[in-house]
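Welcome! Let us walk through this structure together, from the whole chain down to a single residue.

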Amino acid sequence: MNEVKSKEIVGRGTREGAAFFRDWFQDLTQKAEEGKTAAYVFVMGSIAEILRVFDLPMVFPEIHSLQTAIRHVADDFLNEAEDYGYSPDICGYVKADFALQMQNGHHPMGRIPKPRLAVLTNACNTYLKWGEIWERIYDIPMFSIDIPATREAGTRTWPGDEQFEREKKYVKVQLTELIELCEKITGKKFDIDRLREILGHVNTMSRGWKRVLELNQSKPSLFNALTDGTVYLGMSNVYRGTPEGAQFFDNLVEEMEYMSANGIGTLMDEKYRLSFIGVPCYPIFRRFNEMFSEWGGTFVMSTYLWFAAGGANLGSQYDLDNPLDSLAEGVLISVRDAMDSMFHPELTVLKQANEFNIDGVVYHPIKSCRTTSAGMADNRRALMENSDLPSLFIESDMMDSRVVSEAQMKNRIDAFFEGLASRRARDVVVGA
Ligand code: SF4
């Protein structure tokens, strides 16, 4: 193995991703300082494809909120929002963002411009109430796109089915209305060729994202789906539809293929391959992962990388000869998949457990997010009824450190690994 090449390639995705992220925040800061505005969007259906045609800068409030937790200042933001009357048990992302709006957009990573428009889907009902807050504060239009969802395990319709085609038309009409609104707001004419170009970049990114997720079947695993995966996920959202985003994912595929070919793993000594269900514990992001890696456990897959990528994990490709129709189809399939990934994570875990050599499943229900957490206990039961995969159920939050008890978590995690170890020892004896 060429040492120089190895040093240059391995870890490039996380290094470059972090740098791109800083650039993005810097750019937002500059816009805020110049008094410019942005479109506020969400990870499950940002519709970046259309907003980029109009050169509307995008702010992802979920991302700037979670960054306050990673930087250990979320509690100040949450307290401020609660002083205004927001309940302690609603989504912490909303509260951190509200406090940030009250502080004129000041954020530990820079400054966030005010909204000019909010675009959201029905993937999470909190999106709708969150958008109403900006509507009230700033008197801006809130454009909500209704995606017909299944919310029922296994019942799906696909292109060509009568119901799917009807639903696609319904989504397309809404996208056309969004285009009209963007024309009105920006004073620019819609340019279909520009849309085509953007869709081309999204195609490259989605293809790359799917391939990167698949490549983690390698033994040892190539990236940690909880830590490195979150950096890649940020890129898939923030740089969606850009040449930089497309190049990033091409490079990432190259990195993962190189690691796989040379047997390079993310952990020195990988003992247990885990699947993560839910949203990460951002207040103790690194420490949370260490409690697993100290036992040789690594997350090879995570539902977060499916639903928070807005369905990009499917690798769907837009038809550039038919951009608007294809965009409607892609939005319908991907946002619906994001919803199903939250409501029925066990389906994919069961399907992929063998391919990824999964030893155990970690459920992380959180106080803030009922959308991802409400059905988890039932979901775990379904997993147990349909497999003998061991699972761990640990509750905390993705923002609020007041409900994150590290010592308690560690006890449960240690007990989980002791169980995995004795199960493995038993299997060796039985096998012998
Ligand atoms: S409730 Fe959950 S899915 Fe909805 S915005 Fe909050 S964290 Fe995201």
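Predicted model: local features only at pLDDT ≥ 70, side-chain atom pairs only at ≥ 80, totals over all residues.

Residues are numbered from 1 along each chain as its sequence is written, and side-chain values use heavy atoms, leaving out hydrogens and water.

The protein chain contains 18 helices and 10 strands; these are DSSP runs, with helices (H or I) of at least four residues and strands (E) of at least two, numbered from the N terminus. Its radius of gyration is 21 Å, close to the 22 Å that the globule rule gives for 432 residues, so the chain is as compact as a globular protein of that length. That radius is taken over C-alpha atoms, and the rule is 2.2 Å times the number of residues to the power 0.38.

Now look inside. Of the 432 residues, 57% count as buried, meaning under 20% relative accessible area with a 1.4 Å probe, protein chains only. The largest nonpolar core has 146 residues, and Tyr-93, Leu-117 and Phe-292 have the most contacts inside it. Such a core is a set of buried Ala, Val, Leu, Ile, Met, Phe, Trp, Tyr and Cys residues joined through side-chain atoms within 4.5 Å. Helix H14 (residues 323–343) gives the largest share of this core, 10 residues.

Finally, zoom in on Leu-117. Not counting residues up to four places away in sequence, Leu-117 touches residues including Ala-38, Leu-51, Phe-143 and Ile-185, where contact means heavy atoms within 4.5 Å.

Notes: Buried < 20%, exposed > 50% of the residue type's maximum accessible area, 1.4 Å probe, protein only.
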